[in-house]
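The sequence and structure come next.

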Amino acid sequence: MNMIAFPPVAAEAVADPAALRAEVRAFLAAELGPDYGPTLRARSWSGHDPAFSRKLGQQGWLGMTLPRAYGGHERSALDRYVVVEELLAAGAPVAAHWIADRQSAPLILHNGTEAQRQLILPKIAAGDCYFCIGMSEPDSGSDLAAARTRAERTESGFRINGTKLWTTYAHEAHYMILLARTGPAEDRHGGLSQFLIDLSTPGITISPILDIAGDHHMNEVSFRDVEVPADALLGQEGEGWKQVMGELAFERSGPDRFLSSFALINALIAQIGTGPDRLEAQVIGRIAAHLMVLRQMSISVAGMLARGENPAQQATIVKDLGALLEQEIPEIARALTDTAPRPGERDTFAAVLAQTILAAPSFSLRGGTRQILRGIIARGLGLR
Amino acid sequence: MDRMIADSAERLFSAYREHSFAALPAQAGADAAPLPAGLWAEIEEAGFPLALLSEDEGGFGLPAESALALVRMAAEHAVAAPLGETMIANLLLARAGLDPVEGIASFTADHALTLTPVASGWQATGRLHAVPYGRMAQTIVVRVKTAEGAKLAALPAGTALPAHNLVAEPQDTLVYDLTLPAEAVTDAPALCEEMLLLGALLRAQGVAGALSALLGLTVDYANERKQFGRPIGKFQAIQQELAVLAGETAAAGAGAEMAARAFADALAGNTEADWRLAVAAAKLRAGEAAGKSAAIAHQVIAAIGFSHEYPLHALTRRLWAWRDECGSEAHWARWIGETCCARGAEGFWPLLTQPEIRGAA
């Protein structure tokens with residue numbers, strides 16, 4: 001069964017990952033400094049810091065795989081993988097550029113016009129341009145093809161009406177890649193198109209939605225008679241569904257899908273110390289084994305993406321297994337430590353536990369719910 | 001070269017699928033199953049027992065990853081044979097500077113055997129425990145500590161006290177009291193210290209192979225079996241279960257390949273990374289996948305899958321047997337955990353990323 005095969009990466013795709021890794025580690029140690037403690041790290045990839053993102057851009061660690069003509073660095077997908085996993089393991093504040101670098105840039109590179117590439121990609125690579133994802137809506141979450149936000153042809157372009165929901169960091173982003181209906185509702189897949197939306201366009205309202213920890217990451221983004229030029233269309237009209245599916249392969253397979261609780265694992269190991277008892281050793285060993293295998297799978301997907309293959313199934317499997325592990329970590333930590341979670345404290349184990357418990361429900365929702373992912377896998381198995 | 005070997009292995013093992021199933025005794029407690037007639041001769045003819053050896057050592061220069069893929073493939077066809085054991089035994093002999101052997105060979109980390117120097121060689125006295133295919137093996141490789149340092153001994157067949165695992169594979173105690181010729185004992189190569197891990201490496205491959213067959217069998221069943229007027233695979237409840245089965249199978253497979261690559265790198269001497277960690281992780285992950293997946297397959301295939309006539313148990317019994325052989329999940333989790341904790345929180349991530357990303361051979 002090919003859909004569950006995770007082949008090794010091609011030999012030519014890997015230059016000197018160890019040297020790059022050492023370079024990134026040294027940079028992070030210097031840049032984050034000794035005061036960047038567990039509670040900051042535990043934000044995982046939701047820490048937002050444009051200054052940090054620009055520094056990564058200066059290092060050449062954003063838009064790494066993009067052509068030089070667009071400000072990129074023509075590095076391999078595996079080089080990018082090394083940088084990304086090091087950033088995540090360190091809990092670096094990567095949220096500002098995360099979506100742009102992970103999925104918007106490759107999407108624009110593959111489907112955008114030359115003008116769109118020239119306009120956007122160099123800014124993403126510099127760490128100056130941030131994106132949000134315009135997929136979910138109030139009445140279409142998992143059922144993405146039921147999107148109702150409509151883009152109607154006008155003389156000069158399109159007029160957009162509708163609402164997008166759960167839009168992470170829309171309030172800090174410059175652009176949204178919007179999935180909107182350009183055809184009839186009956187044409188569920190064929191009637192969708194993607195648009196490159198400048199969020200400063202009049203008629204767009206971004207309202208905060210606080211999460212269960214009271215933090216503001218998510219938003220509601222409403223479009224009311226928003227006029228966009230014809231060249232805001234991203235890719236082909238009617239190809240939105242196909243493009244979104246390609247985008248999701250980038251979104252679902254990365255190390256951000258199994259390292260979200262990594263700060264808590266580190267805190268747990270620190271708590272246990274260097275002489276674990278039998279149970280503690282078993283628990284940490286099991287987590288380590290899962291992480292090692294997930295990492296191999298995720299690297300394999302990066303290699304497939306780099307070869308231009310479509311590893312949508314494998315990406316989905318990585319995300320499903322990764323979320324299970326991420327969500328298990330706080331439960332495991334509780335079983336070992338007998339420490340009540342305490343939000344608001346700084347750098348205590350109890351605080352990291354609190355943060356992770358409150359973040360964990362989202363791990364199997366964002367990027368596709370567990371049920372949807374398993375439905376996709378079942379389709380790959382030939383069951384639907 | 002690689003492709004040709006894989007193709008001939010595929011032909012060989014698929015031809016013996018039914019025979020291996022038919023050889024399973026009706027009673028799980030009865031006795032070990034015999035090898036299907038002709039199977040081992042064909043395996044030897046194909047040269048597979050030497051697959052881990054370099055050309056200098058008498059092998060055909062196959063990358064270790066591809067050699068271990070043969071073990072995975074045999075398991076995928078539910079073919080019971082001591083191929084992996086013989087491959088590893090020959091590798092250990094080669095690393096000790098000895099010639100590979102004809103026939104079935106095995107190895108074990110678990111023994112109470114002593115070697116004492118005598119005029120004509122070494123006196124070997126004691127027992128080997130749970131030797132895979134012990135009664136059939138013409139050579140058994142063990143590492144024994146002696147007053148003259150750790151030695152590798154190539155033992156001949158011993159007196160077998162028969163025992164077998166859940167899927168009727170021999171796991172015999174072998175009793176010895178004999179004199180070994182001097183040339184059957186040499187200084188133990190470093191690889192000999194990791195006999196348990198070498199067994200775990202094989203079991204991880206085996207579990208991965210058996211799981212991939214289990215997934216195929218279960219999905220096919222779900223597509224064919226109709227209830228309430230449609231194939232049960234059309235029900236979301238079943239689909240969600242099978243998706244979990246696919247994920248576990250994928251993880252076990254990826255882990256087995258990770259272990260095989262790490263081992264290949266270590267054999268080739270082109271890495272500083274500790275292959276042992278990758279193998280232990282793969283065995284643990286495979287063992288966990290084995291338990292979860294066997295439960296799902298039995299739930300989906302239901303009553304007929306619980307019957308002796310249906311081939312599901314040839315796979316699930318292997319999974320339940322192999323996950324506990326050569327170190328259970330608990331054993332390897334503890335070992336990995338101790339390794340991780342000893343390095344402290346700061347050392348955890350560097351340890352996980354120590355097998356550096358590398359391209360295929």
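Two residues are in contact here if their C-beta atoms, placed from the backbone, lie within 7 Å. The model is a predicted one. By that cut-off, chain A puts 54 residues into its contact with chain B, and chain B puts in 48 residues.

Which helices of chain A supply at least two residues each to the side that touches chain B? They are H1 (17–32), H4 (77–89), H8 (262–272), H9 (278–306), H10 (312–337) and H12 (370–380). H9(A) gives the most, with 19 residues. By class, this side of chain A has 35 nonpolar residues, ten polar and nine charged.

Now look inside chain A. It is divided into domain 1 (2–130), domain 2 (133–239) and domain 3 (243–380). Take domains 1 and 3 of chain A. Their C-alpha centres lie 19 Å apart. In chain A, 29 residues of domain 1 are in contact with 32 residues of domain 3.

On the domain 1 side of that contact, helix H2 (38–41), H4 and helix H5 (95–111) of chain A each supply at least two residues. The largest share, seven residues, comes from H4(A). The classes on the domain 1 side are 19 nonpolar, seven polar and three charged residues. H4(A) also supplies at least two residues to the side of chain A that touches chain B.

Stay with H4(A) and turn to its packing with H1(A). Two packed helices are described by the angle between their axes and the distance between the axes. For H1(A) and H4(A), the angle is about 30° and the axes are 9 Å apart. Angles under 35 degrees count as roughly parallel. H1(A) and H4(A) are therefore roughly parallel to each other. Their crossing is right-handed.

Which residues make this contact? From H1(A) come Pro17(A), Leu20(A), Arg21(A), Val24(A), Arg25(A) and Leu28(A). H4(A) answers with Leu78(A), Asp79(A), Val82(A), Val83(A) and Glu86(A). Seven of the contact residues are nonpolar, none is polar and four are charged.

Finally, move to chain B and a pair of strands. Strand E2 (residues 111–118) of chain B pairs with strand E3 (residues 121–132) of chain B in the antiparallel sense, over eight bridges. E2(B) and E3(B) form a hairpin, with two residues between them. What is the bridge partner of Ala112(B) in E3(B)? That partner is Arg127(B).

How values were computed. Residues numbered from 1 in each chain as written. Chains lettered and ligands numbered in written order. Predicted model: local features only at pLDDT ≥ 70, side-chain atom pairs only at ≥ 80, totals over all residues. Helix = DSSP H or I, 4+ residues; strand = E, 2+ residues; numbered from the N terminus. Nonpolar A, V, L, I, M, F, W, Y, C, P; charged D, E, K, R; others polar. Domains from an automatic or database assignment. Axes fitted to C-alpha atoms, helices over the stretch in contact; angles between N-to-C directions. Parallel < 35°, antiparallel > 145°, perpendicular 65-115°, else oblique. Left-handed = near helix turned anticlockwise from the far one by under 90°. Pairing = 2+ DSSP bridges.
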